[in-house]
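Here is a short briefing on one chain. Please read it beside the sequence and the model.

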Amino acid sequence: MNEYISLKKRNILKIGIKDENNNPKLDEKGQEIYLTFDLEDINTPENYSKCVYLIQKATDILRDKIAIINKKQDSKGKGIMTKNEEEKIKALKEYYKSSEEAMDLFLGKDGTKKIFGDTRYLTMFDDLNEMLEPILPKLKINFASIEKKIKEKYKNTDSNVLKDE
């Protein structure tokens, strides 16, 4: 006979995603697509902070690369673009890859793809912040709640301790 343990229900925040026509986004099976956040995961605020930092770092790197490319002598490229244009496209692709990795750190695996599909653009992170604005306070409030639970759980309640009266 097998023994089982039962997991407790987690405090999960599910956020549905709507398309530009205000219809729920569906996956290939016709199921609604959600982002999920574990409200008791102590790493969530830190992951958001890392995400913001990594996006800023990627933006700075892109800006520097574009400035360097703009100072180079341009020449004919392989196709219809010039070499400088090709290098700018390459720099943008690297930026998008870094941005997606940073956002997925906070949103979860393939979270960026759930929201934006395969499309990537420069103001994507700004749009994400605007979309998440209503839920960020819930994540921050819960951080305080976790802190309170920890304090309650580990407060000193030993009745055998001698007290000076």
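Y121 counts as partly exposed, because its relative accessibility is 26%; buried means under 20% relative accessible area, exposed over 50%, and partly exposed in between, with a 1.4 Å probe and protein chains only. This is a predicted model, in which local features need pLDDT of at least 70, side-chain atom pairs count only at pLDDT 80 or more, and totals for chains, interfaces and linings use all residues. Residues are numbered from 1 along each chain as its sequence is written, and side-chain values use heavy atoms, with hydrogens and water left out.

**Aromatic pairs**

- A search of the whole structure gives 4 aromatic pairs. Rings of Phe, Tyr and Trp (its six-membered ring) pair if their centres lie within 6.5 Å; planes under 30 degrees apart count as stacked, over 60 as edge-to-face and the rest as tilted.
- F37 and F106 form a tilted pair, because their ring centres are 5.2 Å apart and their planes meet at 40 degrees.
- F37 lies in strand β2 (residues 34-38) and F106 in helix α2, so this pair ties together parts that are 69 residues apart in sequence. Helices (H or I, at least four residues) and strands (E, at least two) are DSSP runs, numbered from the N terminus.
- F37 and F106 are both buried.
- F116 and Y121 pair edge-to-face, with 5.9 Å centre to centre and 85 degrees between the planes.
- F116 counts as buried, because its relative accessibility is 11%.
- Ring pairs also link F37, Y48 and F106 into a cluster.

**A charge over a ring**

- K14 lies over the face of Y34, at 4.3 Å from the ring centre. The test asks for NZ of Lys or CZ of Arg within 6 Å of the ring centre and within 35 degrees of the ring normal.

- R120 sits in the loop between α3 (111-116) and α4 (124-132).
- With 17% relative accessibility, R120 counts as buried.
- The R120 side chain makes a polar contact with the side chain of E100 at 3.1 Å. Such a contact is a pair of N or O atoms within 3.5 Å; within protein, one must be able to donate a hydrogen and the other to accept it, and residues adjacent in sequence count only if both atoms are side-chain atoms.
- The R120 side chain also reaches the backbone oxygen of G117, at 2.9 Å.
- Leaving aside residues up to four places away in sequence, R120 touches Y96, E100, T112 and K113. Contact means heavy atoms within 4.5 Å.

- M103 belongs to helix α2 (residues 83-107).
- M103 is buried, at 1% relative accessibility.
- Not counting residues up to four places away in sequence, M103 touches C51, I55, T112, M124, F125 and L128.
- M103 and L128 are 25 residues apart along the chain, and 8.8 Å separates their C-alpha atoms.
- M124, F125, L128 and L132 are buried in α4.
- Down the axis of α4, the buried residues fall within an arc of 95 degrees, so they line one face of the helix. The arc is that of the directions from the helix axis to the C-beta atoms.

**Positive phi**

- N22 is not a glycine, yet has a positive phi of about 70 degrees.
- N22 lies in the loop between β1 (12-16) and β2, and is exposed with a relative accessible area of 53%.
- D110 has a positive phi of about 60 degrees and is not a glycine either.
- D110 is in the loop between α2 and α3, and counts as partly exposed at 36% relative accessibility.

**Helix α1**

- I61 is in helix α1 (residues 43-71).
- I61 counts as partly exposed, at 41% relative accessibility.
- I61 and A91 are 30 residues apart in sequence and 8.9 Å apart in space, C-alpha to C-alpha.

**Whole chain**

- The chain has 5 helices and 2 strands, in the order β-β-α-α-α-α-α along the sequence.
- Of its 165 residues, 25% count as buried.
- Among contacts with a separation of 6 or more, 55% are between residues 24 or more positions apart.
- The accessible surface of the chain is about 13100 Å², and 52% of this belongs to carbon and sulfur atoms. Areas come from the Shrake-Rupley method with a 1.4 Å probe; for residues, only the protein chains shown count as cover.
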